[in-house]
Amino acid sequence: MKKLTCHCGAVEAEINISNKLEKVLRCNCSICKRKGSIMSIVKNEDFKITKGEDKLSLYQFYTKVAKHYFCSVCGIYTHHHPRINPALTGFNVGCLENIDTFKLEDVGLADGQNHPLDKK
Ligand SMILES: [Zn+2]
């Protein structure tokens with residue numbers, strides 16, 4: 001179990017993962033390239049907001065399928081449900097305790113700029 005916190009501490013979540021993150025990635029889509037965060041992903045049932053659900057703001061754009069959440073107090077991206085599979089939760093690895101995102105190896109790239117659902 002890992003704890004996720006936004007910067008100001010208004011929002012907290014528990015993520016059901018072991019100490020080793022399975023997959024970490026960045027994404028080059030229009031919103032992720034602006035956030036610049038490193039993300040990992042779990043099933044929705046493995047991600048629980050434990051504090052400050054009412055402090056979360058939701059941002060949606062384009063097809064409005066994906067849900068991008070951020071703390072309305074400090075502005076930090078906490079998690080999102082991706083368009084490709086809303087049953088999954090992507091989360092901000094930089095919000096986890098005891099993980100130095102600058103020391104992570106094998107940070108993959110999700111090619112969100114060429115989203116699979118946009119291909120004809
Ligand atoms: Zn906050």
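Q: A strand is a DSSP run of E at least two residues long, numbered from the N terminus; in which strand is Thr89 found?
A: Thr89 belongs to β9, which covers residues 88–92. The model is predicted, so local features need pLDDT of at least 70 and side-chain atom pairs pLDDT 80 or more, while totals for chains, interfaces and linings use all residues. Residues are numbered from 1 along each chain as its sequence is written, and side-chain values use heavy atoms, with hydrogens and water left out.

Q: Why is Thr89 called buried?
A: Its relative accessible area is 1%, and buried means under 20%, with exposed over 50% and partly exposed in between (1.4 Å probe, protein chains only). Thr89 is therefore buried.

Q: What makes the approaches of Thr89 to Asn44 and to His81 polar contacts?
A: A polar contact is a pair of N or O atoms within 3.5 Å; within protein, one must be able to donate a hydrogen and the other to accept it, and residues adjacent in sequence count only if both atoms are side-chain atoms. The side chains of Thr89 and Asn44 are joined at 2.5 Å, and those of Thr89 and His81 at 3.4 Å.

Q: How do you know that β1 and β2 pair?
A: Pairing requires DSSP to find at least two bridges between the strands. Four bridges join β1 to β2, and the two run antiparallel.

Q: Why are β1 and β5 called edge strands?
A: The open sheet has three strands in the order β1-β2-β5, with antiparallel pairing. β1 (2–5) and β5 (47–51) each have a single partner strand, so one side of each is left without a neighbour in the sheet. From one strand to the next the twist averages 30 degrees, an angle between N-to-C directions, on a scale from 0 to 180 degrees, of lines fitted to C-alpha atoms.

Q: Why is the pair Tyr59 and Phe61 called stacked?
A: Rings of Phe, Tyr and Trp (its six-membered ring) pair if their centres lie within 6.5 Å, and planes under 30 degrees apart count as stacked, over 60 as edge-to-face and the rest as tilted. Here the centres are 5.7 Å apart and the planes at 20 degrees, so the pair is stacked. The whole structure holds two aromatic pairs. Tyr59 is partly exposed at 40%, and Phe61 is partly exposed at 25%.

Q: What makes Lys35 a charge over the ring of Tyr77?
A: NZ of Lys or CZ of Arg must be within 6 Å of the ring centre and within 35 degrees of the ring normal. The charged end of Lys35 sits over the Tyr77 ring, 3.7 Å from its centre.

Q: Why is Lys20 called exposed?
A: Its relative accessibility is 66%, so Lys20 counts as exposed. Lys20 lies in the loop between β2 and β3 (24–27).
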